[in-house]
Amino acid sequence: MKYKAIVIGTSAGGIEALKIVLKDLEPTIELPIIIVIHIKERTDGFSKIYENLNKLTIKEAEDKEEIKNGVIYFAPSNYHLSIEDDYTFSLSVEEKVNYSRPSIDILFKSAAEVYTDNLLGIILTGANSDGALGIEKINKLGGKCIVQDSEEAYFDTMPRAALKYVSTCDVMSLDSINRYIKKIGGNNCE
Amino acid sequence: MNEKELLEIENIELKLLIEAIYLRYGYDFKNYTKSHLKRRILRRVKLNDLKNITELTEKMLYDRVVLEQILLDLSINVTEMFRFPEFFKDLREEVIPLLKTYPSINIWHAGCSTGEEVISMAILLKEEGLLNRVNIYATDINKQVLDIAKEGIYPIEEVKKWTKNYQKAGGGKSFSDYYVAKYDHAIFDQNLLKNVTFLEHNLVIDKIFIDANLIICRNVLIYFNKELQNQVLELFEESLIPGGIIGIGSKENLRFTSVNEKFESIATAKIYKKKIGC
């Protein structure tokens with residue numbers, strides 16, 4: 001399978017989990033990594049939290065911005081993030097979904113429709129069920145899903161919810177997910 | 001039928017619905033962001049217990065009430081008082097001193113929704129001694145939300161958050177001075193709205209109607225594609241007097257738009273001043 005994008009969703013415990021998942025990635029990675037994490041608004045921004053973690057550009061996704069390979073994008077706090085057919089981002093402030101804005105389901109569903117079977121969706125630790133419907137959509141449209149091993153997850157509600165909707169997701173530890181991203185990043189094929 | 005085919009059909013159905021709304025009622029949503037349109041329409045399909053978008057299209061064509069529902073769905077009416085307080089703080093510190101230099105002031109609040117930010121603005125102007133010199137034109141595409149805005153009555157549970165926002169925005173008084181609590185509602189002081197005119201205005205097709213000193217339009221442009229963003233920003237630019245100010249949403253930007261050269265940023269929040277001579 002050839003991937004064109006990775007989407008990651010996480011909530012409680014996600015900041016630390018992402019530090020492992022995103023560690024040491026090389027800028028040669030031929031796809032964008034787009035992340036929704038449920039987190040209170042931060043003034044220092046996401047790039048600050050993850051600086052020196054890897055050599056990729058880490059930034060907040062902007063409205064109408066063109067999606068580029070080798071960049072890690074975060075959904076801004078308090079905005080939903082979607083992907084458009086022309087590979088640009090769009091933002092929205094409509095009501096919360098699963099008590100969350102940004103919502104993982106909104107990102108995952110829109111990404112699934114654009115990237116169909118070239119999408120990898122990853123669900124990490126979290127104490128709610130956001131992302132489960134998104135994973136279902138990714139799976140239906142031929143994409144692949146990975147869920148953090150719930151034995152290892154700080155909060156296992158989110159991984160378990162995703163598996164409830166798609167039992168065929170790969171279950172991996174954070175270290176394995178990191179290795180997997182590095183592997184597909186190199187030649188962009190599984 | 002496989003999922004990709006179903007997706008293709010759904011996208012065709014969405015296009016047909018948008019075209020049908022335009023042909024039947026004249027509302028043009030063709031340049032709205034697709035993901036937004038689709039999400040809102042599929043939500044409506046589900047809420048009305050319909051099978052697919054085509055069923056919604058059929059109902060909408062024959063029943064104006066269904067159209068009104070769709071219009072409400074497509075204009076996002078999630079708002080709050082002193083939303084993103086830094087914006088109002090910057091308005092108070094950077095924009096109010098400029099406004100004070102004018103004998104009379106026109107403010108256009110475009111996409112005012114249910115009016116929470118209009119009241120926020122009125123409170124700010126009152127505290128700065130400007131309210132009597134100001135005409136505020138608060139517009140929205142949607143009549144229903146304007147009716148709520150005119151009343152100035154909101155559920156009381158929101159007020160706690162708004163009080164916090166007000167304080168963060170540099171408000172020095174007690175926020176409760178501005179409303180009366182009654183039957184689980186906060187009824188805002190009608191004097192705040194005495195210089196406010198509420199109007200139906202469709203940013204996509206309607207034209208300039210005032211010379212504005214200040215335009216506020218927050219979190220509306222994100223629902224438009226680039227082409228429509230430019231069109232609407234050009235409308236704002238033409239409406240503003242030289243040196244006039246525009247305030248937009250915290251994640252919106254004039255960069256990469258057709259009016260970028262004509263404005264300069266004057267605050268950390270998204271507030272821009274139209275260059276003199278443009």
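In the predicted model, the side chains of B:Arg255 and A:Glu62 come together in a salt bridge, with an N to O distance of 2.8 Å. B:Arg255 belongs to the loop between strand E8 (240–248) and strand E9 (263–265) of chain B, whereas A:Glu62 belongs to the loop between strand E3 (57–60) and strand E4 (71–74) of chain A, so the pair joins two chains. B:Arg255 is classed as partly exposed, at 39% relative accessibility, and A:Glu62 is likewise partly exposed, with a relative accessible area of 26%.

Over all chains, the structure contains 33 salt bridges. One of them links A:Lys137 to A:Glu113, whose closest N and O atoms are 3.7 Å apart. Because A:Lys137 is located in helix H4 (residues 132–140) of chain A and A:Glu113 in helix H3 (residues 104–115) of chain A, the pair ties together parts that lie 24 residues apart in sequence. A:Glu113 has a relative accessible area of 18% and is therefore buried, the limit for this class being under 20%. A further salt bridge is formed between A:Asp156 and A:Arg160, with 2.9 Å between the closest N and O atoms. A:Asp156, at 27% relative accessibility, counts as partly exposed, and A:Arg160 is also partly exposed, its relative accessible area being 45%. Elsewhere, salt bridges with shared partners connect A:Lys59, A:Glu62, A:Glu65 and B:Arg255 into one network.

B:Met1 is situated in the segment before helix H1 (3–25) of chain B and, with a relative accessible area of 68%, is exposed.

In helix H1 (residues 14–21) of chain A, the buried residues are A:Gly14, A:Ala17, A:Leu18 and A:Val21. When H1(A) is viewed down its axis, these buried residues fall within an arc of 100°, so they line one face of the helix. Such a pattern can be read against the geometry of an α-helix, which has 3.6 residues a turn, so that residues three or four places apart point the same way. In helix H3 (residues 53–62) of chain B, the buried positions are B:Ile53, B:Leu56, B:Thr57 and B:Met60.

Although B:Ile216 and B:Glu117 are 99 residues apart along the chain, their C-alpha atoms are separated by 9.3 Å.

Conventions:
Residues numbered from 1 in each chain as written. Chains lettered and ligands numbered in written order. Predicted model: local features only at pLDDT ≥ 70, side-chain atom pairs only at ≥ 80, totals over all residues. Heavy atoms only, no water. Buried < 20%, exposed > 50% of the residue type's maximum accessible area, 1.4 Å probe, protein only. Helix = DSSP H or I, 4+ residues; strand = E, 2+ residues; numbered from the N terminus. Arc of directions from axis to C-beta. Salt bridge = Lys/Arg side-chain N within 4 Å of Asp/Glu carboxyl O.
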